[in-house]
Amino acid sequence: MTAPKTYDVRTHGCQMNVHDSERLAGLLETAGYVDLASVPEGVRPEVADVVVFNTCAVRENADNKLYGNLGQLRPAKTANPDLQIAVGGCMAQKDRDTIVTRAPWVDVVFGTHNIGSLPALLDRARHNKRAEVEILESLQTFPSTLPTRRDSAFAGWVSISVGCNNTCTFCIVPSLRGREQDRRPGEVLAEVEALVAQGVVEVTLLGQNVNTYGVEFGDRLAFGKLLRACGEVEGLERVRFTSPHPAAFTDDVIAAMAETPNVMPSLHMPLQSGSDRVLRAMRRSYRSARFLGILDAVRTAIPDAAITTDLIVGFPGETEQDFAETLRVVEAARFSSAFTFQYSIRPGTPAATMPDQLPKAVVQERFERLIELQERVSWAENRGIEGREVEVLVAPGEGRKDGATARLSGRARDNRLVHFAVPAGAERPRPGDVVTVGVTYGAPHHLVADSGVHGGTYAVRRTAGGDAWEALQGAAVPGKPAVSLGMPSVGVPPRPAVTVSACSA
Ligand code: SF4
């Protein structure tokens, strides 16, 4: 019997890409390939039979990195002409056949709108003995109807929309992912229910701009309704979403968050800049006062909400006064944490050709000041939680130092990272279970909750998520696809970490 061919999907970029990669893995497994990582060490080949790059066009030097990675694979391709290399994602959508001109050893280039074509394109390239490039301008099949191989047994992403109708001048998404397309609420809920039936206890609703959900089928209140409908799903413990846009963040969504017990008290709301002049140049239609007003309304309705954000420093034309406005708004907003980016030119975006691009040294110096401020705010906010009890959904691999500190890690309801110690002789939770512990120390980037070892609160609640995780440990059979067509499937062994960056929505 010949061994099945192996695949290796290498992911760069945002959560959209992470989720798309789950689908690429599902498609390849349905086509008979097995994950390289699931082949036992000792017999595992150095390079898979099919290597797929799911690329990002947002990060600085994204193209240099891609061509560097492709160059590294060239000797393997020369040694084994049957090796197939595919490039998908945003760089592929942007560069198209330039990729096979610059790297003629690439076999397949596919775009963000046709990830479902990958297995057929690989077959065609093999049969025709030439590179296949297929980029579509718009979506043909909503990606969530494709087979999916999920990375976690107890938490899942569910796409509710793709694309974006905004035109932020720093962003490549509108040109690469197209206009917003919404999935029907019935389909979204069917996927959520199917996941919960398989043991998933936490779902994150995913879209470039989740709160405009419904624009395509004419229901402005659709996102709030969807959150409430998720509240009715028996067994679903935690609902999160990412990312909303401040301009479209309406009171009905705040009310739905506050009134739906399984919608978590956490909100990621991208500010980008505190200067109204810069927001105008970014073509972001809200202003800083409106942004702070939303935060007030959220905190009034959900007092324990933790709010996080994205910030861009050094947008073209940003003056010292503009930057001072960002510092002022960040101080007032009391974010629990922030993803902070230095502006860099992203070819193909309107901002790339704006005058007054700032020198790197200026951007760096402002960036450091902003980080210093945000660290101070995050630390003060986290110290304010000391002594409180938190409910932690235990995760595998969240704490890099867990081995050294003998702690376990997970996320609190408000999405804060928590490290906690298990008291001697006490029940040890499984990933996917929920633990209640008291916070003993608030650090700038995480909480320590060692109450259990000091004689305080320590309670483990076993969940269906923990059962699903445990079942998976015995079920990791290399080569056996854990995928079903058209419906989500969970229950795959842990996969290597991916490089994730926030796509500033
Ligand atoms: S930053 Fe977000 S809202 Fe703006 S265009 Fe990009 S995806 Fe749309």
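Residues are numbered from 1 along each chain as its sequence is written. Because the model is predicted, local features need pLDDT of at least 70 and side-chain atom pairs count only at pLDDT 80 or more, while totals for chains, interfaces and linings use all residues.

The domain assignment, an automatic or database one, gives domain 1 (6–140), domain 2 (150–264) and domain 3 (389–469). The centres of domain 1 and domain 2, taken over C-alpha atoms, are separated by 28 Å. In domain 1, 13 residues are in contact with 12 residues of domain 2, contact meaning that C-beta atoms, placed from the backbone, lie within 7 Å. On the side of domain 1 that touches domain 2, helix 1 (15–30) and helix 3 (90–95) each supply at least two residues; helix 1 gives the most, with four. Helices (H or I, at least four residues) and strands (E, at least two) are DSSP runs, numbered from the N terminus.

In helix 8 (residues 222–231), the buried residues include Phe-223, Leu-226 and Leu-227; a buried residue has 20 or more other C-beta atoms within 10 Å of its own, these atoms being placed from the backbone. Their cover includes helix 7 (185–197) and strand 12 (238–242).

Helix 11 (residues 288–301) and helix 12 (residues 320–333) pack at about 10 degrees, with axes 11 Å apart. The axes are lines fitted to C-alpha atoms over the stretch in contact, and angles run from 0 to 180 degrees between N-to-C directions. The two helices are therefore roughly parallel (angles under 35 degrees). Ser-288, Phe-291, Leu-292 and Leu-295 in helix 11 meet Glu-325, Val-329, Ala-332 and Ala-333 in helix 12.

Terms used: Parallel < 35°, antiparallel > 145°, perpendicular 65-115°, else oblique. Contact = placed C-beta atoms within 7 Å. Buried ≥ 20, exposed ≤ 12 C-beta atoms within 10 Å, placed from the backbone.
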